[in-house]
Amino acid sequence: MSSAMSFTLLDLAAARAFIGCRDEGLLHAVRDNFGADLAADDSYFSSEISRGAPTAYQALEAVVNGGPFDEGFAFQYGYAYKRLCELTGYRLPNNNFCPIRASWLPVLDEAMAGLGITAVSVSELTYSLPDPLPFTDLPGYGEWTAEECAKGLAQWEATTEEQRRAVDPMTMEVIEECVGWMRAAGRMPGFGVVSFLS
């Protein structure tokens with residue numbers, strides 16, 4: 001089954017601080033910026049909501065207030081956190097990740113490792129949400145810190161043209177997209193990359 005990954009450049013510490021910040025202004029900002037998306041999600045997840053899942057806005061309130069969380073509907077908190085990241089971050093290109101087969105991500109990691117790029121892992125961008133949000137398979141979540149991006153970029157810049165030519169051209173195109181995210185992070189001190197898989 002194919003999936004899609006989206007990527008955002010943002011201050012990771014500031015984004016994590018949204019969880020439990022109890023900032024009413026933040027809730028209003030998300031509602032103002034994503035009102036149509038909140039309504040669309042409520043329509044899409046209407047059967048889950050009828051079984052007790054929080055609405056998109058209720059899930060957002062729970063994240064901003066630090067709970068309570070219903071682990072049976074953990075996916076809603078994942079999408080709420082995604083909106084908080086999108087509100088405050090900068091969308092990164094995902095041309096080679098929409099759609100994508102998650103089973104191919106380890107292959108991409110192997111190709112990157114073959115070039116000596118080991119500071120970052122694309123597979124690890126699909127794990128679970130930050131604490132204290134409950135675990136959910138979807139949306140998958142992961143992050144590359146500013147330090148990991150800087151190290152990964154240095155590893156890329158240490159590669160030779162000969163090494164790069166030895167990689168399958170389609171795979172190299174995807175690696176270069178990842179390198180672009182690391183370059184973007186390097187231009188924003190303290191910023192890293194987050195990913196959501198759905």
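Which side chain does the side chain of serine 121 meet in a polar contact of 2.8 Å? I looked, and the partner is aspartate 109. For my notes, a polar contact is a pair of N or O atoms within 3.5 Å; within protein, one must be able to donate a hydrogen and the other to accept it, and residues adjacent in sequence count only if both atoms are side-chain atoms.

**Ground rules.** I am reading a predicted model, where local features need pLDDT of at least 70, side-chain atom pairs count only at pLDDT 80 or more, and totals for chains, interfaces and linings use all residues. Residues are numbered from 1 along each chain as its sequence is written, and side-chain values use heavy atoms, with hydrogens and water left out.

**Entry: two serines.** I found serine 121 in the loop between H6 and S3; helices (H or I, at least four residues) and strands (E, at least two) are DSSP runs, numbered from the N terminus. Serine 123 sits in that loop too, between helix H6 (105-114) and strand S3 (140-144). Serine 121 counts as buried because its relative accessibility is 14%, and serine 123 is buried at 13%. Buried means under 20% relative accessible area, exposed over 50%, partly exposed in between (1.4 Å probe, protein chains only).

The side chain of serine 123 also has a polar contact with that of aspartate 109, at 2.7 Å. I then saw the side chain of serine 121 reach the backbone nitrogen of serine 123 at 3.3 Å. Leaving out residues up to four places away in sequence, serine 121 touches Asp109 and Trp144, while serine 123 touches Leu105, Pro106 and Asp109; contact here means heavy atoms within 4.5 Å.

**Entry: helix H2.** The expected span is 1.5 Å times one less than the number of residues. I found a kink of about 80° in H2, centred on phenylalanine 34; the bend at a residue is the angle between axes fitted to the seven residues ending there and the seven starting there. Phe34 is also one of the buried residues of H2, along with Leu26, Leu27, Val30, Leu38 and Asp41. Helix H4 (56-65) and helix H5 (74-88) are among what covers them.

**Entry: helix H5.** H5 has 15 residues and reaches 22 Å, close to the 21 Å expected. Is H5 enclosed or open? It is largely enclosed by the rest of the structure, because 12 of its 15 residues are buried.

**Entry: the largest pocket.** I noted a volume of about 180 Å³ for the largest pocket. Its lining includes Phe34 and Asp41, along with Tyr79, Lys82 and Ser198. H5 gives the most to this lining, with four residues.

Entry: Most residues other than glycine have a negative phi, and most peptide bonds are trans. Arginine 22 has a positive phi of about 60° although it is not a glycine, and I found it in the loop between helix H1 (12-17) and H2. Arginine 22 is exposed, at 58% relative accessible area. I also logged a cis peptide bond from glycine 67 to proline 68, and another joining leucine 138 and proline 139. Proline 68 lies in the loop between H4 and H5, whereas proline 139 lies in the loop between H6 and S3.

Key. 1 Å grid on protein atoms, 1.4 Å probe; cavity = no way out; pocket = protein on both sides within 12 Å on 5 of 7 lines; lining within 4 Å. Points joined across faces, edges and corners; volume = space filled by probe spheres on them.
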